[in-house]
Amino acid sequence: MADAASNKTDARLILADLESGESREVLRSPWIDQVRRIPGSSAWSALVDRGQGVQLYRIEADGRVDPIVVHPATAKFGDIDGRLFPGVAHAPITVGVRAYSWSPDGRRLFHITLDSVSDQGKILLDEKVSEQRGLRRLTGQATASLHLRAANGQVTLIARRPRTDLLSTMSKGDVVWNKDGFQFPVMDTDNSGGQRRVTMAWSFSDKRAREIASTRDYVYWQMVGPRGGQLSTEGFGDQREIVEVGEDGKRHSYGKHPFSIGHGATFGGARSPDAQTTAVSIRALDDPRFGIGVVTRDGVRPIWSDGSLTKCDFTPTLAIAACLAESQTQPPTLVTVDVRSGRTMRVASVSPEHEKITPLQVTPRAWTNRYGHKVSGYIVWPRGYQKGQRYPAIVVTHGNDADQRFALQDNQWEYPVQTFAERGYVILLINEASSRLNPEIRAADQAWGLQGKALPPEKMRELLWLTAAASFEDAVTELAREGIVDPQRVGIAGYSRGSQLVNVAMTQSNFFRAASSGDGGYLEPVAAADMPESYIAVFGGLPYDPQALPNYLALSPSLRAGEACGAILQQVAAPHAASIDFYRALRKAAVPTQISLFPGESAASDETHVFHIPSNRMAAMQENIAWFDYWLLDKRDPESPFADRYAGWDAMKGALPARCR
């Protein structure tokens with residue numbers, strides 16, 4: 001939760017009684033993560049920062065908290081001096097214990113600890129120097145140590161992984177247990193910098209690990225099915241085949257279904273003690289929502305609610321699940337699910353304040369763009385919408401995060417979708433075309449991730465960026481034909497992956513009058529040296545390769561700034577060279593533009609990618625409201641914190657190039 005007084009976010013652990021619905025706060029901390037039942041007990045475990053960095057603690061039902069594993073915390077996550085990795089959605093934290101997993105009987109504990117290593121004080125050479133390009137401080141790193149604690153308390157060091165093993169460093173305890181041992185993933189890096197995911201198997205009897213599988217196509221979700229094999233979803237289209245593949249390679253099909261399985265964003269899965277039933281997260285395809293898939297030898301039985309069932313946990317027999325029920329209009333509510341009948345019962349509200357607000361109308365919608373690619377999404381209607389009246393509209397995108405979850409920051413970021421709708425905008429939350437529905441896009445995704453055959457740059461351009469821009473335009477055009485949207489008052493907003501799509505859309509056509517682009521910059525030539533293999537996959541070469549240069553001229557937003565006309569706002573968490581280059585190119589082309597850099601917690605830190613500082617989040621939302629109101633509605637609010645910018649925006653509007661008038 002955000003604490004406006006301290007300008008920080010904190011985590012709160014709430015204990016809820018599933019029968020009475022009564023709840024109480026048992027713990028508050030800057031960081032609480034990986035809350036899990038301890039099998040065979042009435043207690044939980046969690047990674048908590050209680051002043052000693054993030055460590056592993058046991059939490060009793062009466063609220064008592066005791067340490068389980070405490071390791072000297074030296075590795076730092078977050079955009080701060082000596083950082084290990086940028087914080088994505090949280091304040092900078094110091095980590096001792098990174099991840100853990102209990103064996104099904106609760107007698108064994110797998111856990112990963114981190115130890116920082118640094119190049120500070122060393123003379124750096126060659127690639128080490130290149131890695132620091134564009135940074136204002138050296139990049140901190142860490143080694144990961146993998147441990148197993150036995151029932152008698154004896155701790156065995158399984159492996160000490162190098163700083164290049166990002167799978168171990170970023171792990172959430174990705175372990176698959178069996179009666180003989182467990183499997184865990186690591187990342188190996190060869191001399192050329194190529195990476196592969198390796199699955200290791202630890203044997204209780206031999207007390208050693210061996211490699212059992214290797215692939216460059218990373219699959220982070222693992223769940224064992226009723227036959228003891230790995231569950232997954234295969235194929236393309238609206239009917240996905242659910243399969244289970246054993247260690248011997250034998251494949252069992254559970255048939256085709258209109259959903260996919262295995263989504264870590266909601267919950268991983270659970271297996272019954274008799275190993276005959278596995279519960280997994282499932283995601284519908286047309287109206288993206290999450291549910292529970294009950295997998296037995298006889299097949300897969302889906303359990304749905306009105307919206308989505310997320311963050312589920314189960315009683316050991318899988319008879320009852322406790323989940324969050326939420327949707328685009330329903331704030332998260334704690335519910336129980338009778339797995340046999342599928343019946344859902346409300347237990348307690350997670351956010352009573354949001355339940356006081358009368359929900360807006362939100363309609364699922366699917367579109368097929370001019371390339372023949374199908375996309376899903378939602379229309380958020382203005383309160384009091386009147387049929388026959390045309391409304392201004394804003395497209396909001398991140399990638400594929402528009403689904404039945406409530407006010408999800410990964411979807412709407414600092415674009416206050418609900419507030420815009422209250423102010424009279426039609427909002428289109430649109431996913432890009434799914435690679436799981438189209439083999440062409442899947443091939444491009446794999447080529448981009450260096451896991452598949454290279455495609456010509458023109459196909460990469462079309463399948464990964466132009467088709468998304470076409471989807472946004474075609475969706476708005478369809479609503480304009482229906483008399484819903486005013487096509488002369490349309491904006492677009494997106495962050496991260498969505499920022500790429502916004503920047504491309506704004507420099508490939510003049511369809512949108514205004515845009516807000518959040519913390520992006522990929523595709524700009526200046527960033528090619530930081531990720532050369534990725535850029536070669538997209539453009540067919542680096543920017544200083546004469547043969548590849550035409551491909552940059554065809555796609556890189558800064559090189560196409562002279563084609564843009566709509567007003568473009570960029571909001572960034574750090575002074576990314578790519579974003580600044582795009583800003584400078586737009587200014588030179590006299591395109592209305594502004595770039596806003598939001599501050600970190602101190603002079604030695606940056607804001608994180610999903611802004612974690614409450615005042616920054618509020619300011620970014622207010623800035624977006626002022627920006628779109630001005631450029632789409634010609635509206636000025638003298639009470640806006642950004643009212644002093646109107647004069648500058650007037651000057652930009654007056655200086656529009658003749659081609660844009």
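**Spaces, packing and bridges**

Me: Which residues line the largest cavity?
Reply: A cavity is a set of points on a 1 Å grid over the protein atoms alone where a 1.4 Å probe fits but cannot get out, and lining residues have an atom within 4 Å of a point. This is a predicted model, in which local features need pLDDT of at least 70, side-chain atom pairs count only at pLDDT 80 or more, and totals for chains, interfaces and linings use all residues. Residues are numbered from 1 along each chain as its sequence is written, and side-chain values use heavy atoms, leaving out hydrogens and water. The lining of the largest cavity consists of Phe110, Ile112, Leu146, Leu167, Ser168, Ser171, Gly173, Asp174, Val175, Phe184 and Pro185.

Me: Which elements give two or more residues to the lining of the largest cavity?
Reply: Helices (H or I, at least four residues) and strands (E, at least two) are DSSP runs, numbered from the N terminus. The elements asked for are strand S12 (109-117), helix H2 (166-169) and strand S16 (181-189).

Me: What is the volume of the second largest cavity?
Reply: The structure holds two cavities of 30 Å³ or more, and about 50 Å³ of space lies in the largest cavity. Grid points are joined across faces, edges and corners, and a volume is the space filled by probe spheres set on them. For the second largest cavity, lined by residues including Trp31, Leu47 and Arg98, the volume is about 40 Å³.

Me: How many residues in the lining of the second largest cavity are nonpolar?
Reply: Ala, Val, Leu, Ile, Met, Phe, Trp, Tyr, Cys and Pro count as nonpolar, Asp, Glu, Lys and Arg as charged, and the others, Gly among them, as polar. Strands S5 (32-37), S10 (93-95) and S11 (97-102) each give two or more residues to the lining of the second largest cavity. Its residues divide into two charged, one polar and, for the class you asked about, nonpolar: six.

Me: How are H6 and H7 oriented to each other?
Reply: Helix H6 (residues 439-448) and helix H7 (residues 457-481) pack at an angle of about 105°, with their axes 9 Å apart. Axes are lines fitted to C-alpha atoms, for helices over the stretch in contact, and angles run from 0 to 180 degrees between N-to-C directions. Angles under 35 degrees count as roughly parallel, over 145 as roughly antiparallel, 65 to 115 as roughly perpendicular and the rest as oblique. H6 and H7 are therefore roughly perpendicular.

Me: Which residues of H8 meet H7?
Reply: H7 and helix H8 (residues 497-508) pack at about 75° with axes 9 Å apart, and that makes H7 roughly perpendicular to H8. Contact means heavy atoms within 4.5 Å. From H7 come Leu464, Trp465, Leu466, Ala468, Ala469 and Phe472, and from H8 come Arg497, Gln500, Leu501, Val504, Ala505 and Gln508.

Me: With which residue does Arg283 form a salt bridge?
Reply: A salt bridge is a side-chain nitrogen of Lys or Arg within 4 Å of a carboxyl oxygen of Asp or Glu, and the whole structure has 33 of them. In this one, the closest N and O atoms are 3.7 Å apart. Arg283 lies in strand S24 (residues 278-284) and its partner in the loop between strand S33 (391-397) and helix H4 (409-412), so the pair ties together parts that are 120 residues apart in sequence. The partner is Asp403.

Me: What is the phi of Leu523?
Reply: Most residues other than glycine have a negative phi. Leu523, in the loop between strand S36 (514-518) and helix H9 (532-539), is not a glycine, yet its phi is positive, at about 95°.

Note on methods
1 Å grid on protein atoms, 1.4 Å probe; cavity = no way out; pocket = protein on both sides within 12 Å on 5 of 7 lines; lining within 4 Å.
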